[in-house]
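Please consider the model shown below.

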Amino acid sequence: MRAPTPPATRPARPALRAASLAVLLAATPAAAIVGGREGAEVPGVASAVMVLTAGGGVCSGIVVAPDAVLTAGHCVAGAGENRVHYRDETGRPVLAEVAARSLHPGYDGDAIRGRTRSIDLALLRTREPLPARFVPANLSAATPRAGQSLTLAGYGATRGGDRRSIGRYRGATLTVIEPYGPSRILVWMQSKGAGGCQGDSGGPILEGAAVMAVAAWVKDACGGLTQGILLGPQRAWIDRTLAGWGTSTRW
């Protein structure tokens, strides 16, 4: 696929595609994120879950309140149903029911063809609070700068098409670049041999321990130029949606 050349405000493209739910639950995943590492030291692990769709799609998600998860909009748009997936203390898979979903009003699933802006974010409210071991993430309204190192994390595959490797939380250090000029909406990152892959959509992009953006797009192939939606410009929507659900997050 030939890479597009978007302007600074061009929307994220949902190219971090989903994997099969049946494969996810049947296999024992080995890893995730191209060129990444796993372990308790990977930032964001205490607030990381997976977001599944009725059609068999798999994305990553960020716990932002005891009963709320932030993810990519394309993981929710057009999906008849979502579930929040995690493993309990014995390692058994749990599928938490979702009571409410909120797609960012600026999301446009046809944005690439129409060359319009899209805010690829969504919030999910679980029917019951998640286990106390999940710590709601600290969100950051900071603006990244070119050359800055950030951590991309998620449950995605280690290489394109390797669905059996989906399901283990991993992270990789990537460098912020400005291929189309600085943006107030998006962040682009790359690193030789590392980047997002299938299943990483909705995962956190972190500055230290704080989530600055949500992963939404990868260029051409797994491990390529990775793009995220900055949270600072969308703070009002996040706070307003959570307040409507009777909760809040930490900034």
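Contact here means heavy atoms within 4.5 Å. The structure is a predicted model, in which local features need pLDDT of at least 70 and side-chain atom pairs count only at pLDDT 80 or more, while totals for chains, interfaces and linings use all residues. Residues are numbered from 1 along each chain as its sequence is written, and side-chain values use heavy atoms, with hydrogens and water left out.

The average pLDDT (the predictor's confidence in each residue, from 0 to 100) of the protein is 83, and 81% of the residues score at least 70. Over residues 1-32 the pLDDT is below 50, yet this stretch has 115 contacts in the model beyond near neighbours in sequence.

Val-214 belongs to strand E13, residues 210-218; helices (H or I, at least four residues) and strands (E, at least two) are DSSP runs numbered from the N terminus. Val-214 is buried because its relative accessible area is 0%, where buried means under 20%, exposed over 50% and partly exposed in between, with a 1.4 Å probe and protein chains only. Leaving aside neighbours within four places in sequence, the contacts of Val-214 include Ile-62, Leu-70, Ala-72, Gly-202 and Ile-229.

One of these partners, Ala-72, is found in the loop between strand E4 (68-71) and strand E5 (82-87). Its C-alpha atom is separated from that of Val-214 by 6.7 Å, although the two residues are 142 apart along the chain. Ala-72 also counts as buried, because its relative accessibility is 0%. Beyond neighbours within four places in sequence, Ala-72 is in contact with Asp-120, Leu-121, Ala-122, Ser-201, Gly-202, Val-214 and Ala-215.

Thr-226 lies in strand E14, residues 226-230, and is buried because its relative accessibility is 0%. A polar atom of the Thr-226 side chain lies 2.9 Å from the backbone oxygen of Gly-224. Not counting residues up to four places away in sequence, Thr-226 touches several residues, including Leu-152, Trp-188, Gly-195 and Trp-217.

The second largest pocket holds about 190 Å³ of space. Of the 18 residues that line this pocket, the closest to its centre are Thr-143, Pro-144, Ser-183, Leu-186 and Leu-230. A pocket is an open set of points on a 1 Å grid over the protein atoms alone, where a 1.4 Å probe fits, with protein on both sides within 12 Å along at least five of seven lines; lining residues have an atom within 4 Å of a point. Strand E11 (186-190) and strand E10 (170-177) each supply at least two lining residues, and E11 gives the largest share, three residues.

Terms used:
Grid points are joined across faces, edges and corners, and a volume is the space filled by probe spheres set on the points. A polar contact is a pair of N or O atoms within 3.5 Å; within protein, one must be able to donate a hydrogen and the other to accept it, and residues adjacent in sequence count only if both atoms are side-chain atoms.
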